[in-house]
Amino acid sequence: MIPGISFHNPYFLYLLGLIPLLIVWYIYKHKQTISKVRVSDIDLFATCKPSLLQRLIVVPFMLRLLVLSCVIIALARPQSSFRNSEESIEGIDIMIALDVSGSMLAEDFSPNRLEAAKNVASEFVKGRPNDRIGIVVFSGECFTQCPLTIDHNILQHQIKAIRSGMITDGTAIGDGLATAVNRLKNSQALSKTIILLTDGVNNRGSVDPMNGADLAHFYNMRVYTIGVGTRGMAPFPVQTPFGKQYHYEEVQIDEAMLGKIANITDGKYFRATNKNKLQDIFAEIDTMEKSKIEVLAYE
């Protein structure tokens, strides 16, 4: 394409392929219209020169091709523009700490708590193209699934790869929070945020959740905590010799602890009892933690 020129309907340019076909057709037709006269000697014609009319006979056809080419280009709507913009972006670094314990397979969410959380987190990432985001997974242990990155394609791939059973079962909320803090503590971003999502009570790990909250507060990090699970009983799938069956267990979430973590860090605690509520929570967090972009553009 021509530098600085774009086409609103570029598919019309394919019609330019008709031009060489028309030229081939014209040459073939011209040869068919030449009269063939049998003569005994052509020496008399050797000194004859073509007239001006004969030289210009092809001009009308070439003009038609030029007009046709112009019409095709006009249909493609060529456009040129000048754009000048200045952006001022306030970066926000976000770590998502996601519980992947066995209880996250409960099917009070569709298809289950873990898949619902992954889907909502993926949509959350899509809506924040200017922020660095990473993810920590935890159950009885924890590790960084993806460090802070602006490459959201890699992050989306890592989110899809998360599954229950990746690490020892249990619920080490303190370890998950401390790992997220460790990933953010050296960040130079103006705002540092942790989204902690769990469906249980801290029962494993070497770091007390309150100590993790104090660390986050020390490094000026805001923690949003989300308790995932319906109120009352929830169906848990169990594999048996007769296939998958369900038994119901009481949902136990340490809401008091999650609320304290949020209060210590100037964050907020949410309770998600279904997937729609979880989507609304992430949407609210997205609104509260928006990057500030100032754009001055001329086109």
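Two strands count as paired if DSSP finds at least two bridges between them, and strands (E, at least two residues) and helices (H or I, at least four) are DSSP runs numbered from the N terminus. The views below come from a predicted model, in which local features need pLDDT of at least 70, side-chain atom pairs count only at pLDDT 80 or more, and totals for chains, interfaces and linings use all residues. Residues are numbered from 1 along each chain as its sequence is written, and side-chain values use heavy atoms, with hydrogens and water left out.

**View 1. Strands E4 and E5 side by side.** Here Ala-97 stands opposite Val-136 of E5. Strand E4 (residues 92–99) and strand E5 (residues 132–138) run parallel, joined by seven bridges.

**View 2. The open sheet of six strands.** Follow the order E6-E5-E4-E7-E8-E11, where the pairing is mixed. Strands E6 (142–149) and E11 (268–272) are the edges, each pairing on one side only.

View 3. Helix H4 (residues 113–126) touches E4, E5, strand E7 (191–198) and strand E8 (221–228), with contact meaning heavy atoms within 4.5 Å. The direction of H4 makes about 170 degrees with that of E4.

View 4. Look for helix H8 (residues 255–264) lying across E7, E8 and E11. Helix H8 runs at about 160 degrees to E8.

Technical notes. Axes are lines fitted to C-alpha atoms, for helices over the stretch in contact, and angles run from 0 to 180 degrees between N-to-C directions.
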